[in-house]
Amino acid sequence: MSNIRLDKIDLSLSPSAEHVLAAMKNNVAEGISVQQIIELVSAAIIGGAPDALDTLNELAAAINDDASFSATVLLQIAAIPSVINDPTMALESETRPPSQSSVVDYIQGLLSGGQGKVRQVLTSSLTTAASTTSTSLASSGVSQSITVDGTNKVLVCVSGLFGMDTYAAQPKFALYRDAVELEIIEPYWYAQSGRPPAFTMPLVFSIEDIPTAGTYAYELKMQTNSASYPIYLNRSADSATVKGLTTMTVWEVAS
């Protein structure tokens, strides 16, 4: 940047924009007009500001002509926790459990004691491919154990992907708690013209259980209707490449 110093300005003059003043630019004597001085000063003030914010009036309008703008912003930030905890900001009464008076209470309530609140969440996943040709229910490799006190309910959620070689296959899945069969899932579909024999489908279901006190193992089992029609987990029927994972999540929820 050039260093410009004005020399010997006669303050009694009222120069026009074209008036030339004596100046030193990078230690070299030369003249500079009033218009050039105005342009240099304006450029230094404006810098790279956008057109909508390159005047003091526009800057003032952007902050609502608030002379105490920084203090106003700090007060608004400080007020945020109060707004969140304000009972008037609570969920509608019909969408929250009794005794919940605010959004924060409701969220915290899910992770602490009390009716309808989550006591523990356990998850396990089968990350490799599995298959069966068994015509009776056999382990899929997906299971999760949990210890409960007998006063709460247990929610079990399973999600994954299974595949078959043919529409003639009739897969069956079942959820067990130890040796107790809790749920049978028999996926239903119909053959569609143009679809290949080998295909995959999602497996998603959940159940609610109320066991007595103890430690239990929840397990997903599966079978096929014929040893000639294998059922696959975590892969398609026409490729051994793993394409997903099957997950079991077990929730203990206060009754």
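User: How are helices and strands defined here, and how many does the chain have?

Analyst: Helices and strands are DSSP runs, numbered from the N terminus. A helix takes at least four residues, a strand at least two. This is a predicted model. Its chain has 5 helices and 13 strands.

User: How many salt bridges does a search of the whole structure find?

Analyst: The criterion is a side-chain nitrogen of Lys or Arg within 4 Å of a carboxyl oxygen of Asp or Glu. The search finds 2 salt bridges. In one of them, K153 pairs with E208, with the closest N and O atoms 3.9 Å apart. K153 sits in strand β7 (residues 152-164) and E208 in strand β10 (residues 199-209), so this pair ties together parts 55 residues apart in sequence.

User: Which side chain meets D209 in a salt bridge?

Analyst: That of R177, at 2.5 Å from N to O. D209 belongs to strand β10 and R177 to strand β8 (residues 172-177), so the pair ties together parts 32 residues apart in sequence.

User: Are D209 and R177 buried or exposed?

Analyst: Buried means under 20% relative accessible area. D209 is buried at 7%. R177 is buried at 14%. K153, at 25% relative accessibility, counts as partly exposed.

User: What share of the chain's residues count as buried?

Analyst: Of its 255 residues, 29%. The accessible surface of the chain is about 15600 Å², and carbon and sulfur atoms account for 56% of that.

User: And the contacts: what share join residues at least 24 apart?

Analyst: Take contacts in the chain between residues at least 6 apart in sequence. Of these, 70% join residues at least 24 apart.

Note on methods: Residues are numbered from 1 along each chain as its sequence is written. This is a predicted model: local features need pLDDT of at least 70, side-chain atom pairs count only at pLDDT 80 or more; totals for chains, interfaces and linings use all residues. Side-chain values use heavy atoms; hydrogens and water are left out. Buried means under 20% relative accessible area, exposed over 50%, partly exposed in between (1.4 Å probe, protein chains only). Contact means heavy atoms within 4.5 Å. Accessible areas come from the Shrake-Rupley method with a 1.4 Å probe; for residues, only the protein chains shown count as cover.
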